[in-house]
Structure formats: C-alpha cells, structure tokens
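Opening my notebook on this one. I'll jot down what I look up as I go, one stop at a time.

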Amino acid sequence: MTISIGGIPVGDGHPVYVIAEIGLNHNGSVDLAKQLIDVAADSGAQAVKFQKRTPELSTPEHMKATIRETPWGSMSYLDYKRRIEFDRDQYIEIGDYATLRGMQWFASPWDEPSVDFLEDLNVVAHKVASASVTDLGLLRALAATGKPIILSTGMSTLEQIDVAVDTLGTDKLVLLHATSTYPLPPEEANLRTITTLQARYPGVPVGYSGHERGLQISLAAVALGAVAVERHITLDRTMWGSDHAASLEPQGFEHLVRDIRIIGEALGDGVKRVFPGELAPQAKLRRVPA
C-alpha cells in the first residue's frame with residue numbers, strides 16, 4: 001500500500017521518504033531552525049520534523065521541578081521546556097521558510113492541545129513519538145484529523161503497537177521501527193523487526209527511525225525494505241542539548257541521503273533479466289550460447 005503525504009507517495013516502489021528530525025536541536029532559536037532546514041533541503045530530504053509540546057501537560061509530573069543546567073542558567077525542567085518551545089508566530093516563520101525551501105514540515109505533538117495547534121497551521125501529516133504510543137487520548141485526537149500519521153514504535157511491545165494501530169487505523173498510517181536508546185548501539189538496533197512489522201501489519205508501509213551514530217544501520221534498514229528513514233540532524237554534535245550527540249552533522253546527513261538514493265536504484269524490481277551493460281561481456285566471454 002502507498003500512503004500520500006502532501007502529494008509525495010510513501011511505500012514500496014517509491015523513493016525512500018527521508019525525514020530530517022530537527023526536534024529540539026534548534027535550542028529555541030528560529031535562526032538555528034532555519035539553518036537546519038537548509039541542511040535538510042540541500043541534502044535532498046523531503047521533510048523536516050519538529051516537536052510540539054504544551055509543557056504544563058506533556059512534562060511528566062516527577063520531572064517538572066527537577067533542576068537542569070542550561071545555556072540560560074539553572075532552571076527547572078518545566079521552565080527549560082517552556083524556554084525552548086516555539087510559539088505560533090515562530091512556527092509560522094519556520095514553516096513558511098521550510099515551504100520556500102521546497103520541504104514538507106510537520107511535528108510530533110506530545111499532547112492533545114498541540115494537535116489542535118498544528119492543525120491550525122495545516123501541517124501535511126502528524127508524527128507520533130515513541131514515548132506517545134500508549135497515549136490513546138492523543139492517538140484518538142490524531143486519528144480524528146484525517147491526516148497521514150507516522151508512528152514510531154520504540155520502547156513499545158508488539159501488543160502496545162497493536163492497540164495504537166487499532167486506534168489510529170491503517171488507511172493513512174506509516175510505521176517506523178525504532179529503538180529509543182540515545183545514541184543507539186548496534187546490538188540494540190534489531191533491524192529484522194522491520195520485516196516483523198511488515199508481516200504483522202500487511203499493507204502498512206514500514207520505515208526506520210534511527211538514533212545511532214553513523215550511517216550504516218540506516219542504510220541497512222533501507223536494504224531490508226524500509227520505505228521511510230528519519231534521522232536527527234544538527235550543525236554540531238557537540239552542541240548543548242540532549243539529542244545532538246545522536247544526530248548527524250550536515251555532511252553526514254548529505255551522505256546518508258545520497259547513499260539511500262543509490263541503494264534505492266540498486267535494489268531494482270526483482271525481475272531477473274540481462275541488462276544492456278551485460279551484452280558486450282556476454283558476446284566476449286560466453287563460450288556456449290544458449
């Protein structure tokens with residue numbers, strides 16, 4: 001089955017849908033967000049993704065008062081989340097910039113008011129973060145939008161994913177295999193889960209959301225049939241923030257997209273044939289003709 005996200009087909013037989021996860025790597029700066037959009041656009045990705053929260057609702061109660069050291073001084077975890085959250089005007093600015101760069105954009109809403117916030121901005125799709133797989137109220141709000149939904153499956157059992165899929169429906173659903181370890185060690189990647197999800201949810205496009213260092217695991221996911229790949233991007237992995245270390249810098253992301261496109265061409269259609277490039281070697285080397 002093929003899902004259309006803003007007119008771009010996602011599924012078998014189509015170019016891998018590459019999502020540049022900006023997330024919170026903008027560190028609350030619109031200018032930095034625009035620079036990251038440029039990285040994604042220049043690399044040939046189709047979409048950029050952010051995260052949208054209502055901090056008072058989405059921050060776990062036991063974390064709100066925890067003190068965090070930040071570039072803006074010591075503050076509570078709740079105040080930190082408020083500090084880096086974009087408001088409506090800022091989202092309009094970065095959304096318009098993404099559109100001007102030819103990019104689709106959307107976000108992971110972490111609470112129900114954030115779904116309404118993003119719907120008001122007419123995003124082309126919604127992303128469900130792995131942490132939200134069991135938030136059925138959020139999933140029902142997302143299903144009610146009628147928009148394509150991309151569901152990451154990290155930190156979740158198959159039974160929990162079953163409930164999420166039943167809640168969202170499969171008509172406009174894309175699943176992403178993920179392991180929510182930052183950075184991801186190879187022994188926890190478990191890429192064969194891609195084929196497990198393909199078999200368990202027939203017809204639902206399955207991709208990969210990666211948090212590893214380097215490119216190899218994401219490229220292997222494409223070779224295993226992932227139809228979408230999501231990776232965090234940053235200008236510099238040493239920047240302050242929880243996701244930068246598990247992100248790709250501009251050159252790495254550019255190489256990832258390049259290699260994904262090469263693998264897409266190399267996979268072919270599975271029909272065995274003699275290619276034009278083989279005809280000359282065949283005439284020169286085959287001693288017994290068929």
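This is a predicted model: local features need pLDDT of at least 70, side-chain atom pairs count only at pLDDT 80 or more; totals for chains, interfaces and linings use all residues.

**Entry 1: a helix over two strands.** I started with helix α7 (residues 158-168), which lies across β9 and β10 and runs at about 170 degrees to β9. β9 (residues 149-152) and β10 (residues 173-178) pair in the parallel sense, over four bridges.

**Entry 2: the whole sheet.** In what order do the eight strands of the open sheet come? I traced β7-β4-β3-β12-β11-β10-β9-β8, with parallel pairing. β7 and β8 are the edge strands, each pairing on one side only. From one strand to the next, the twist averages 25 degrees. A reminder from class: strands of a sheet pair through backbone hydrogen bonds, either parallel or antiparallel.

**Entry 3: tyrosine 201.** I found tyrosine 201 in the loop between α8 (193-200) and β11 (206-210). Is tyrosine 201 buried or exposed? Its relative accessible area is 7%, so it counts as buried. Then I checked what it touches. Leaving aside neighbours within four places in sequence, tyrosine 201 is in contact with Leu158, Ile161, Asp162, Val165 and Leu175. Aspartate 162 got a closer look: the side chains of tyrosine 201 and aspartate 162 make a polar contact at 2.7 Å. In sequence these two are 39 residues apart, but from C-alpha to C-alpha they are 9.0 Å apart in space.

**Entry 4: lysine 49.** Over to strand β4 (residues 47-52), where lysine 49 sits. Lysine 49 counts as buried because its relative accessibility is 1%. What does its side chain make a polar contact with? I found the side chain of glutamate 21, at 3.0 Å. Not counting residues up to four places away in sequence, lysine 49 also touches others, among them Phe106, Lys127 and Glu230.

**Entry 5: helix α5.** Which residues of α5 (residues 112-120) are buried? My list reads Ser114, Val115, Phe117 and Leu118. They cover an arc of only 160 degrees around the axis, so they are on the same side of α5. The buried residues of α5 pack against β4, α4 (88-100), β7 (104-109), β8 (126-128) and α6 (136-143).

Key: Residues are numbered from 1 along each chain as its sequence is written. Side-chain values use heavy atoms; hydrogens and water are left out. Buried means under 20% relative accessible area, exposed over 50%, partly exposed in between (1.4 Å probe, protein chains only). A polar contact is a pair of N or O atoms within 3.5 Å; within protein, one must be able to donate a hydrogen and the other to accept it, and residues adjacent in sequence count only if both atoms are side-chain atoms. Contact means heavy atoms within 4.5 Å. The arc is that of the directions from the helix axis to the C-beta atoms. Two strands pair if DSSP finds at least two bridges between them. Axes are lines fitted to C-alpha atoms, for helices over the stretch in contact, and angles run from 0 to 180 degrees between N-to-C directions.
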